[in-house]
Amino acid sequence: MKNKRIISVIIAMALSAAMITAFAADTVTNTDIDSSNVVVQTDDGTVLTEGIDYTLEYKDNVNVGTATVIVHFIGNYSGEAEQTFNIKKKTSGCGGGGGGSVVSNKPNITAKEEDGKTVNITHKEEDDKIIVTLPDGVDLDPENPITVTVKDTKGKPIADKDVVVKDKMGNEASGKTDNDGKITVPSTAAVTPMPTAAPPVEQNFEHKAYISGYEDGTFKPDSPITRAETASMLNGVISVTDKGNDITFTDLKDGAWYIPAVTAMTAADVIHGYTDGTLRPDNNITRAEFITMIMQSKDISKFDNLPFSDVNTDLWSADYIYSAYTAGYINGYGDGTFKPDSPITRAEAVRIINSVLDRTDFSNETNPFSDISSKHWAYKQILEAAVTHEAE
C-alpha cells in the first residue's frame, strides 16, 4: 500500500503529575513517560495507533525544563511531527501534582457535509459554548446539513456540549452534542435567519441583525457590496411574491453560496440580470441597481422632479430613485448629486434598508466593531442593522 503523507496532525499529551514535576536534583527517564497519554490524530479526527501508524521518541526529557516528543510515522503514513512539554521543579511540601501542563486540553472540533466532505471550519470557546464558523461558500442549508463532531484530546466524544454554528451570511443554529459527540445543523427549529423576512418588532419586539461584521472584529462601513451579497440580504428583508420567473444566468458557478438567494429573488422579479444573460454576481452593485432591487416590492411612481443634478428622466432607474426619494428611503449628497453609478457602501446600504423596514428606534448601544466609533455618520444605523437587540 502506498504511504500516505500526513498533512497535519494534532498531538495531545495528558501527562501524570509524576511526569511533569521533579525535584531540583532529580531526573526522569523515557520509561517514566506513559505513551498511552499521547494521542496522535489526523486533521479529520482519525486517531492513529502507536506501533502501527507511528513510533515515539523523547528528547531533552531528563532534567527540569522543556522537553520534546517526536512522532515518526510508519506503515500507511510518512513524515514526522513534534510537540514540546514542560518538566517542572516540584514545589516543596507538595505531595502530588505539579502545575506544568504540557498541551492545551482544548477539544478537537471537526465538521462534515452530508456527503462526508470535510469542512474547513474555525472555532472558539465562549461562555462554555463552542462557536463554530463555516467558511465562505458553506451555508446553513437544510438541503445540505453540517455535522459537527466534538472530541476530547484522546479522541473520546464529548456529549451534551453546547455548540453554536454560524455561516458568513449571518445565519445561526445551535444545540447540544449527542452521545457520539455530534450535532447536525440546521434543523427547522434551530436556524435563526438573519436578515429576517418580517419586521421583528411585530413578532417579539426584538430587532435581529441582518448583516454581520468580519472575523477580525471590523465592519468595514465604507467597503462596497457585491450583487450576490445584495441578493442574499434582500432575500431576507423584503417581502416579495413569487411571480414565476425562471431565469438561468450564464455566469453562475455550480454550487455557489448565493444560488438559493439568486433563485428566489429572480423568481420574485427582484433580479433581472443583464441583457447578455449574465448576473455578474461578484461585481460591486451600484447605488442605482441597489435602489431598483429594493423598490421591487414597493409602489413605483413616474419620475416627476428630483433635487439630484445627476438623475434625469431619461436615466433607466429614474422612476425607482424618484419613488425611493419620495418615500423617504434615500437622500443625496451635499453637492446635490445622487451618484447612481457609484458602488453603494455597506453603511449606505444598511441606512436604506433600515428606512425600508422602519427600523429607526436606534436603541442598541452595543458596539462590537473596532473600526467604527460614535463619530461615524452611520454609527447608529450600523448598530441597528448588525446587532440583535430589544426594540423600543
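Analyst: We start with the ground rules, then take a sheet and a helix pair.
This is a predicted model, in which local features need pLDDT of at least 70 and side-chain atom pairs count only at pLDDT 80 or more, while totals for chains, interfaces and linings use all residues. Residues are numbered from 1 along each chain as its sequence is written, and side-chain values use heavy atoms, with hydrogens and water left out.

User: What is the strand order in the open sheet of four strands?

Analyst: Strands of a sheet pair through backbone hydrogen bonds, either parallel or antiparallel. Here the order is S10-S11-S13-S14, with mixed pairing. Strands (E, at least two residues) and helices (H or I, at least four) are DSSP runs, numbered from the N terminus. Pairing requires at least two DSSP bridges between two strands. S10 (122-126) and S14 (172-176) are the edges; each has a single partner strand, so one side of each lacks a neighbour in the sheet.

User: In which sense do S11 and S13 pair?

Analyst: S11 (residues 129-133) and S13 (residues 162-166) pair in the parallel sense, over four bridges. Ile-131 stands opposite Val-164 in S13.

User: At what angle do H6 and H7 pack?

Analyst: Two packed helices are described by the angle between their axes and the distance between the axes. Axes are lines fitted to C-alpha atoms, for helices over the stretch in contact; angles run from 0 to 180 degrees between N-to-C directions. H6 (residues 346-356) and H7 (residues 379-386) pack at about 70°, with axes 9 Å apart. That makes H6 roughly perpendicular (65 to 115 degrees) to H7.

User: Which residues of H6 meet H7?

Analyst: Ala-347, Val-350, Arg-351 and Asn-354 in H6 meet Gln-381, Ile-382, Glu-384 and Ala-385 in H7. Contact means heavy atoms within 4.5 Å.

Terms used
Angles under 35 degrees count as roughly parallel, over 145 as roughly antiparallel, 65 to 115 as roughly perpendicular and the rest as oblique.
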